[in-house]
Amino acid sequence: MHSSGNVIPFSFDLQTLVQRSVASLYSHLVTRPTGRALRLGIESQIGEIGSVCLSVLDFTQVVVLDYSCADEAVAKLIQRYQMADRPADAYFVARGLREQHRDPIDEVLNRHGLVLVAEVEGGFTLLGRADPLEHDAWHALQRVRLGRADDVAVELNVAAPGVVAALERLAARRVVLRRGTADSFCSLTTLLPARSA
Amino acid sequence: MNVITLPASLDERYFEPIVQSLDAAPGGRLLFDATHIRWADPYGMVGLLALGEVARRRSERAVLKLPDSADVVSYMGRMGFFEHAEPIFELHGSRPRPRSDGVSDVLLEITPINSHADVHTVVDLVNRRGLNILTSQLNYPMREAFQFSVILSEVCQNIIEHAESSGWVATQTYSWTKKIGRKVVVIAVMDLGIGFRASLAGAHAARYDHWDDGAALEAAFMHGQTRFHDPGRGQGIQQIRKYVARWGGRISIRSGTARIMDVPAWDEGVPLEKDLPYLPGAQIGIVLPALVDTNATQPAAATGKAGR
């Protein structure tokens, strides 16, 4: 368990990473080798932090994102850090997504049964595979920001046990943060640094 | 020398008769007589390169007698046809000199696909040249226009990931006034590699009673199967089909002795054809019509000549 106070927000500008990883050749995120290089670069930087971190995948400068690259760069990255033997304790939020990025990321996450917190056209949402109660609980926690499962259940006007289970599943899938040992949860987006205009 | 006379329209509709002629041709050197061509699109031109290469592998470089029409020869030059035809054919006839001003009306000339770096080149070129065409001439919203690059990227990667060979891609816009009263963009991607049957055989053939080119195409096209045991793989063709269907387009894949396609309402194609003459690799054709501008009183680009 990790308290939110120990989480180090860490920002990756994907465009910068691609340029660094693939010799500044490509301005679009296409092909599997590009995605692999991107993922390895991100993993390397997470490894250097050596602490639990919140990794922001910044798509602001990305124009084209294809499915193959999204699978290698995003899905396989999320998948690796959801495993019990993950190399580091990292959480991920995708930022700066535009509508043309949503489908490739949503599709590859669905294929692997993954979820990811993402900012699409300025609003935060949950991409990938989640059941309706998980979706509702996640959105309710976004409004509550930080609170006990009971608070989220009240927000949703549903029975608490189901919401507790849903939030625990979301925490296990690393799209919400569990605070300490209490039945208390925090949305990942509350940990994000303020975005400059 | 055995002569294969090419039709007036060198496009996907008339590709199969040429393949049949090549298949039926006896051994020895071939002459492709293109003198009567009055119209050529990316599928026809890339297809001609593929057939010439098959002929070259079979015996020796075939002769290609160039079209009589100066316009057609000029257009084929702008599409980069001759540059790629040089090593495949012995070219007979006059060719235009390349334009020195670098100005081109071509969306994407014939481009070889040998590596993933070539895919980046294609996406860069199409984004630089094509977004304006797709949005202003074909009425695609900007976010949909970006998906056009995604289609090209995925379809080109199909060559590298599955063909074990190099290939070509080309794309251009045309007015299909008679057929659907709208502009279209035509994409052709072809290779002469191992084809879908061989690519998928190791992972899937044992589960089929009869594994042939048609079964392999159905496995890949309809069910998204691939040779990789990874759920993240095999989505390229599925996503392309999704976009093509959303935009009312047509996609066909020919491989070996079969062809499979998604047939839109405006077309009369056959969803699955088998027992065609054998052609190695995969030949993919995509036609995307202009979106109907609901604010316009006339169908988009309903008049005018071919957009070349």
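This dialogue walks through two contact regions and one residue of a predicted model.

Trainee: Which domains does the assignment give for chain B?

Mentor: Domain bounds come from an automatic or database domain assignment, and for chain B that assignment gives domain 1 (1-95) and domain 2 (105-308). The contact between them, where contact means heavy atoms within 4.5 Å, takes 29 residues from domain 1 of chain B and 31 residues from domain 2 of chain B. Taken over C-alpha atoms, the centres of the two domains are 22 Å apart.

Trainee: How is the size of such an interface expressed, and what area is buried between domain 1 and domain 2 of chain B?

Mentor: The size of an interface is often given as the accessible area lost when the parts come together. Here buried area is the accessible area (1.4 Å probe) that two parts lose on being put together, summed over both, and for domain 1 and domain 2 of chain B it is about 2500 Å², with carbon and sulfur atoms giving 66%.

Trainee: How many salt bridges are counted between these two domains of chain B?

Mentor: A salt bridge is a side-chain nitrogen of Lys or Arg within 4 Å of a carboxyl oxygen of Asp or Glu, and by that rule the count between domain 1 and domain 2 of chain B is four. In chain B, the side chains of B:Glu16 and B:Arg259 meet in a salt bridge with an N to O distance of 2.4 Å.

Trainee: Turning to the two chains, how many residues does each supply to the contact between chain B and chain A?

Mentor: Chain B supplies 26 residues and chain A supplies 25 residues, and the two chains bury about 2200 Å² between them, 52% of it on carbon and sulfur atoms. On the chain B side, B:His120, B:Phe146 and B:Gln235 lose the most area to chain A, together 25% of what that side buries.

Trainee: Which charged pairs and which helices should I look for there?

Mentor: Two salt bridges are found across the interface of chain B and chain A, and B:Lys242 forms a salt bridge with A:Asp103, with the closest N and O atoms 2.6 Å apart. Helix H5 (116-137), helix H6 (142-163) and helix H9 (235-246) of chain B each supply at least two residues of the side that touches chain A, helices being DSSP runs (H or I, at least four residues; strands are E, at least two) numbered from the N terminus. The largest share of that side, nine residues, comes from H6(B).

Trainee: Is B:Asn158 buried or exposed?

Mentor: Buried means under 20% relative accessible area, exposed over 50%, and partly exposed in between (1.4 Å probe, protein chains only), so B:Asn158, at 11% relative accessibility, counts as buried. B:Asn158 lies in helix H6 of chain B and, leaving aside its neighbours within four places in sequence, is in contact with B:Ala163, B:Phe196, B:Ile237 and B:Ile284.

Technical notes. Residues numbered from 1 in each chain as written. Chains lettered and ligands numbered in written order. Predicted model: local features only at pLDDT ≥ 70, side-chain atom pairs only at ≥ 80, totals over all residues. Heavy atoms only, no water.
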